[in-house]
Amino acid sequence: MATVIIPTPLRKFTNQTAKLQVDAGTVGEVIEKITLDFPELKKHLLDGQGTLRSFVNIFSGDDDIRDLQAEKTPVQQSSIISIVPAIAGGTR
Amino acid sequence: MIFIEPETLSYIKTQAIQTFPDECCGFLFGTEQSDGSRNISTAREVHNAKAGDKRRRFEITGKDYMLAEQFALDSGLLMLGIYHSHPGHPAIPSEHDRVAAQPYFSYVILSVVQDRVDHTRSWRLNETGSFEEEIFTTEQINPSISWQQ
C-alpha cells in the first residue's frame, strides 16, 4: 500500500496520525479514500467542486503531481504521497 | 501562550535584519502543552522562493516544507509554526497572510526597521479563519510534552 504523509496542521483530523497506508491506483483515489476515512479532511483538501484547493499541493515522491498527471498520477505500492500546504504571505 | 528560547529568538531576529529589505522566512519547532501553550526551541531558515518582489511577499517551496516535516519527525519535535519578517511594516498579519494561513501553526511576524527588529508578535487562526494574537511569555513553558508519530 502507498504511504500518505499528513502535514502537521491537518493531523488533528486524522487522530494525530502522520502516516496513512492507502490501497489506491491513482492520487485521486488516494484523496477519495482518505477523505472517506477522515471526513473532516475534505474541506481542507477539496473545494466546493471537489477539486484540489489551490493552497494544497500533492507530491508523489519529490514531484508535484501538477507536473505529472495531476489526480490521475499512478500510485505504486512503494509510493510516498505527501500532502503539502502552500506556505506564503507577506506585508500586503 | 508562546515562549521562544532566547537563542532561537536571537537567530530569527538576526536573520530578519540581515535579509532586510527582503522578507525572511522559516519554520519553528518545539513542544506543546495540553492547554496549547508552546515552547519554541528550534528555528530553521528557508529560502524565500517568491518570484518577484521579496520585499513584500514570501513563499516556501513544497520541497522545503517536506524537509521541515521530516526534520520534525527525526528530531521528535513538533513543527509548530512559520516565521517571517515585515520589512518596514508592523508585525500584524496582512490579508494575504490570512488567506494563505494554515490552521494550528503559530505565525510569528517580525517588524524590521532598517537595522533592528522593532517588535515581534505571534498569531494563530481561530475556528472562524481569523487571526488571534498569541501572548508571548518570557518564562519557559515546561517542555515535558511532545509526541512523534
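Guide: In this predicted model, the elements of chain B follow the order β-α-β-β-β-α-β-α-β-β-β from the N terminus on. The radius of gyration of chain B is 14 Å, close to the 15 Å that the globule rule gives for 149 residues, so chain B is as compact as a globular protein of that length. In all, chain B has three helices and eight strands, and its C-alpha atoms fill a box of roughly 40 × 35 × 30 Å along the principal axes. Of the 149 residues in chain B, 41% are buried. Among contacts in chain B with a separation of 6 or more, 64% are between residues 24 or more positions apart.

Chain B also meets chain A: 29 residues of chain B are in contact with 24 residues of chain A. On the side of chain A that touches chain B, the elements giving two or more residues are S3, S5 and strand S6 (87-89) of chain A. The residues on that side comprise 11 nonpolar, eight polar and five charged. One of these elements, S6(A), is joined by three bridges to strand S4 (residues 58-60) of chain B, and the two strands run antiparallel. Within S4(B), B:Phe58 is the bridge partner of A:Gly89.

Helix H1 (residues 27-37) of chain A has the buried residues A:Val27, A:Val30, A:Ile31 and A:Ile34. These cover an arc of only 95° around the axis, which puts them on the same side of H1(A). Strand S3 (56-60) and strand S5 (80-85) of chain A are among the elements that cover the buried residues of H1(A).

Notes. Residues numbered from 1 in each chain as written. Chains lettered and ligands numbered in written order. Predicted model: local features only at pLDDT ≥ 70, side-chain atom pairs only at ≥ 80, totals over all residues. Helix = DSSP H or I, 4+ residues; strand = E, 2+ residues; numbered from the N terminus. Rg over C-alpha atoms; globule rule 2.2 N^0.38 Å. Buried ≥ 20, exposed ≤ 12 C-beta atoms within 10 Å, placed from the backbone. Contact = placed C-beta atoms within 7 Å. Arc of directions from axis to C-beta. Nonpolar A, V, L, I, M, F, W, Y, C, P; charged D, E, K, R; others polar. Pairing = 2+ DSSP bridges.
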